[in-house]
Amino acid sequence: MIQFPLDLRSPEELRDAGIEAVAASNPSFVERVVEEVIRPLAESGKLFSADHVRILADHLEIPEPCHANAWGAPMMLARRRGLIEATGVLIPSARAAAHAH
């Protein structure tokens, strides 16, 4: 019988560990999105979503990350730096691919 190690971390800890792994594997992408995209959006004082981040990043010709889930890393870093905070407002994604699962 094969036994797998039991991971007792919470879902949030597992999520954060995944985001940290993405950030560590592509720090230039993460930093560029935070500074060139998220910071200006946050400083505008207007409500924005991850869709807005992706649209502006595309406009600035920031290459897509290797995996769609990598977009969480810049958002988490911006939150940790105090640039953004949760508002409790849910803005459904307009991207068709976001509804494919």
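Helices here are DSSP runs of H or I with at least four residues, numbered from the N terminus. In this predicted model, one such run is helix α3, which spans residues 50–59 and contains arginine 54.

Arginine 54 has a relative accessible area of 15%. Because buried means under 20%, arginine 54 counts as buried. Its surroundings can be described by contacts. With neighbours within four places in sequence left aside, arginine 54 is in contact with Glu64, Ala68, Trp71 and Arg95.

Arginine 15 is placed in helix α1, and its relative accessible area is 44%. That value lies between the 20% limit for buried and the 50% limit for exposed, so arginine 15 is classed as partly exposed.

Rolling a probe the size of a water molecule over the atoms shows where empty space is left. The largest pocket has a volume of about 1,000 Å³. Its lining is made up of 33 residues, and those nearest the centre are Phe48, Ser49, Ala50, Met75 and Ile84. Two or more lining residues come from each of α1 (11–25), α3 and α4 (72–80). Of the elements, α4 gives the most to this lining, with four residues. Sorted by class, the lining of the largest pocket holds 18 nonpolar, eight polar and seven charged residues.

Definitions and conventions: Residues numbered from 1 in each chain as written. Predicted model: local features only at pLDDT ≥ 70, side-chain atom pairs only at ≥ 80, totals over all residues. Heavy atoms only, no water. Buried < 20%, exposed > 50% of the residue type's maximum accessible area, 1.4 Å probe, protein only. Contact = heavy atoms within 4.5 Å. 1 Å grid on protein atoms, 1.4 Å probe; cavity = no way out; pocket = protein on both sides within 12 Å on 5 of 7 lines; lining within 4 Å. Points joined across faces, edges and corners; volume = space filled by probe spheres on them. Nonpolar A, V, L, I, M, F, W, Y, C, P; charged D, E, K, R; others polar.
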